[in-house]
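Open the model in your viewer and keep the selection tool ready.

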Amino acid sequence: AAQAAALPRSLLLAVACVFFARPFGLWAVAFSVLAAGVVQAVMLWLLARSTFRFRPYLNLRADYLGQMARQALPALISMGAGQVNMAVSHALASGLAAGQLTSMSLSMQLVMLLNTLLTLPLTTVMFPRMSRMAAAGDRQGALKGCAACVRYILAFLIPAVCVGCACPGEIVQLAYGWGAFGRDSVALTASLFALHLPGALGMGLRMLFTSAFHALSDTRTPLYAGLGGAAVNLGLCLALVPVLGVRGLALASTLSSLLCALFLGCALARTQQGGVHPFSGPLKRLALPG
């Protein structure tokens with residue numbers, strides 16, 4: 001239902017950008033975002049009414065409110081940490097030369113598109129499966145399902161990252177190289193895209209590992225990972241920007257993303273009983289023969 005409700009929203013945004021952006025500029029995009037959000041909310045409400053019977057209700061003394069707060073607040077904070085990383089990068093890039101903030105944002109959009117196409121659908125499908133197994137007491141089954149997803153994510157993302165790093169200029173030219181986006185802008189965005197792209201591995205694995213922890217009713221570990229990733233990103237940005245400029249921001253984002261995914265993967269491995277690493281099998285099957 002949630003995916004179906006997103007379709008009219010995407011179509012409305014596309015129509016607004018194609019037919020109304022030229023005469024009305026960014027106002028058309030802004031109003032289309034507002035209208036698309038309203039349409040998506042109405043669609044979700046209609047789909048929910050066809051499946052569930054619900055009415056507004058709140059009991060402040062209910063036990064589930066405390067349990068929900070204990071689990072939801074760390075999850076909200078951990079997701080907010082990712083937005084803090086983006087805000088820090090944008091703030092630092094805004095003090096650099098003109099156009100560098102735009103190039104950094106556009107390169108990151110391409111990386112996020114890659115994860116949206118390859119990682120998000122798999123994570124969306126696997127989360128309810130892992131939740132059902134964990135709720136039934138089959139934690140090992142949930143972990144094995146997560147380990148299998150690691151194999152598929154790496155099998156898709158590693159070739160995509162290699163291709164993107166081999167020809168970043170062609171990809172950026174195809175995506176943005178028209179209108180006022182000149183040759184210099186394409187070259188800068190391509191260099192940033194090549195630095196951002198390995199971080200897609202960290203973003204994709206972090207997305208999956210976070211879903212696995214949430215399925216196991218553990219929202220604190222992703223919180224620690226998010227706060228630690230934000231601190232590492234800030235430190236790397238402050239250290240690399242004076243040396244590499246805007247490229248230092250891209251490199252800091254990639255390194256912090258990979259370190260955050262590594263921390264979550266190691267933490268999830270420790271939950272496997274008997275000390276067997278749940279991801280050793282998928283990684284071995286991905287390895288080339290010696």
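Start with the largest pocket: 35 residues line it, and Gly82, Gln83, Met112, Met203 and Met207 lie nearest its centre. A pocket here is an open set of points on a 1 Å grid over the protein atoms alone, where a 1.4 Å probe fits, with protein on both sides within 12 Å along at least five of seven lines; lining residues have an atom within 4 Å of a point. Colour α4 (63-93), α5, α6 (120-135), α10 (199-215), α11 (220-244) and α12 (246-270): these elements each give two or more residues to the lining. Helices are DSSP runs (H or I, at least four residues), numbered from the N terminus.

This is a predicted model: local features need pLDDT of at least 70, side-chain atom pairs count only at pLDDT 80 or more, and totals for chains, interfaces and linings use all residues. Residues are numbered from 1 along each chain as its sequence is written, and side-chain values use heavy atoms, leaving out hydrogens and water.

Next, select Asn115. It sits in helix α5 (residues 100-118). Is Asn115 buried or exposed? It is buried, at 2% relative accessible area. Buried means under 20%, exposed over 50%, with a 1.4 Å probe and protein chains only. Now show the side chain of Asn115: one of its polar atoms lies 3.3 Å from the backbone oxygen of Ala200.

Last, select Gly202, in helix α10. Gly202 is buried too, because its relative accessibility is 0%. Draw a C-alpha to C-alpha line from Gly202 to Ala87: they are 19 Å apart in space and 115 residues apart in sequence.

Definitions and conventions. A polar contact is a pair of N or O atoms within 3.5 Å; within protein, one must be able to donate a hydrogen and the other to accept it, and residues adjacent in sequence count only if both atoms are side-chain atoms.
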